[in-house]
Amino acid sequence: MNKTLLAIDIGSSYITAVIAKNNLDYKINILGTGSSKSDGINKGVISNIEDASNSIREAVSIAQKNTTEPIESTVVSITGAYTKCIRSSGSVNIPNGLITENEINQVLQMALYNATIIPEYDVVHVIPIFFKIDDSADVENPLNMNGSRLEVSVFVVTAKKTALTNIKSAMKMANLSVTNFVLDPYASAIAVLDEQQRNFGATVINIGATTTQYVCYKGSSLIYNGFLPVGSNHITNDLSVMLHTPPVAAEKIKTEYGNLLRSLEEIQNKKIRTPRIGDEKISSEVSLEHVQTIIHARVEEILTLIKSDLKKSGIYETLGTGLVLTGGMSKLEGIQELATLIFDNLPVKVSNPVNIKNGYMSFEDQKMSTIVGLLLYSLDPNRNFELDSNKALIKKRKIDDLSTVKIESQDLSGLDLSTPKPQVAKKNIKKEDPKLDDSGKLPTLNKKDKSKGVNKIWNAITEWF
Ligand SMILES: Nc1ncnc2c1ncn2[C@@H]1O[C@H](COP(=O)(O)OP(=O)(O)OP(=O)(O)O)[C@@H](O)[C@H]1O
Ligand SMILES: [Mg+2]
């Protein structure tokens, strides 16, 4: 107990490492943080072990500068690029009528045993969809309940062995080992869902640099995991090619001028200067209208692909409290409004983790959802029962455990788990900016304007997807 944990989010733009442990009062105490530019990782998959290993080593060594505590366990995020999810179920008899952690472990192991797992895949998560005791279905927490038979229906996440081995090899080259793997969008969901969304269900979409990953909850049960090999870097590539400007300038245009809320009247005569690719001493003028059209096309494409995947999977009609967008690309102004439009007026929120105070790094950022989820997955004492990537039971901390421990001190570097209230990310709409629509509504691009730009660029854009 109270082991020092190293959590690593292997993102395609940055690798983030955090060293943390539970205080005696179970608050998460952040001991050190580090991040490094990500190399050797493409669309969530390790493409060069040596480069990836160097990036991991760099992020971890920065985090270690702040603490001398030896690392006792390590949790690493994996992407849905090489995962397969299946459902299974299991049941066990309860000989003495009382359900203990033992029976819960047994029934989950039984459900795992019953699952048809492809030989070249390894188990990452076995997450209960629902428990059933005798005839009463939908038991949220069977611990200490009475009955003669315990059943469980589970969602099993498996990942390609070779992909996991590549991560382990990269970690080993950095003198680190992996204790646990956690699916990236599952971690994001743990970090950003609020209580209501956790109870009534929601879809969490993490749009990063080169991946879009999402998980769907029906009620409080995880029922779907989706992955698209496309993210915000594709917008940068689109801008770079369409505007004939270097990727660095394209990235700057995206983050500084990307705003889907601006109406065409506001931007059609606005121009910005940008360097020419090949000869950066020469600059050329591009119109903001063109910039917006390019960004709009890519974002619309990503959101539409998610929607059609959810429709195809038959879960679009049961999306609970709606969508929660997170990850770096969810910072794009207007993405919330565009998602609302595409997802037929479902409630859409942009969320980031909150309630985390530490002196090292701001976690209240959409980019931090995965790393915060990894911390909560490993250190939150109130986690639900499930099996981890070692097929070991994650246990709920007993209430008396919590009440008998002494509270060491009010440590501001801790993460207060007593009030896990993710917030809707603040939007940077500057009211004084005359170009912006005060109503915050997404200006509808009329068909003529839309097709004007979109058709011209569509063929070129799809080359990157
Ligand atoms: N305002 C913005 N508009 C659009 N994209 C943005 C904005 N701010 C940041 N981004 C993009 O967010 C991405 C980084 O997000 P994040 O850290 O979530 O990705 P990652 O975890 O490294 O990637 P992945 O999860 O795909 O492996 C970058 O591509 C960056 O350009
Ligand atoms: Mg990410």
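Helices (H or I, at least four residues) and strands (E, at least two) are DSSP runs, numbered from the N terminus. The model is predicted: local features need pLDDT of at least 70, side-chain atom pairs count only at pLDDT 80 or more, and totals for chains, interfaces and linings use all residues. Residues are numbered from 1 along each chain as its sequence is written, while chains are lettered from A and ligands numbered from 1 in the order in which they are written.

**Exercise 1.** Locate Asn 175 and state whether it is buried or exposed.

*Solution.* Step one: Asn 175 is found in the loop between helix H3 (161-173) and strand S11 (180-183). Step two: a residue is buried if 20 or more other C-beta atoms, placed from the backbone, lie within 10 Å of its own, exposed if 12 or fewer, and partly exposed in between. Step three: Asn 175 has 10 other C-beta atoms within 10 Å, so Asn 175 is exposed.

**Exercise 2.** Describe the phi angle of Asn 175.

*Solution.* Step one: most residues other than glycine have a negative phi. Step two: for Asn 175, phi is near 60°, a positive value in a residue other than glycine.

**Exercise 3.** Repeat the analysis for Lys 43.

*Solution.* Step one: Lys 43 belongs to the loop between strand S4 (41-42) and strand S5 (45-46). Step two: Lys 43 has 18 other C-beta atoms within 10 Å and is therefore partly exposed. Step three: phi of Lys 43 is near 50°, again a positive value in a residue other than glycine.
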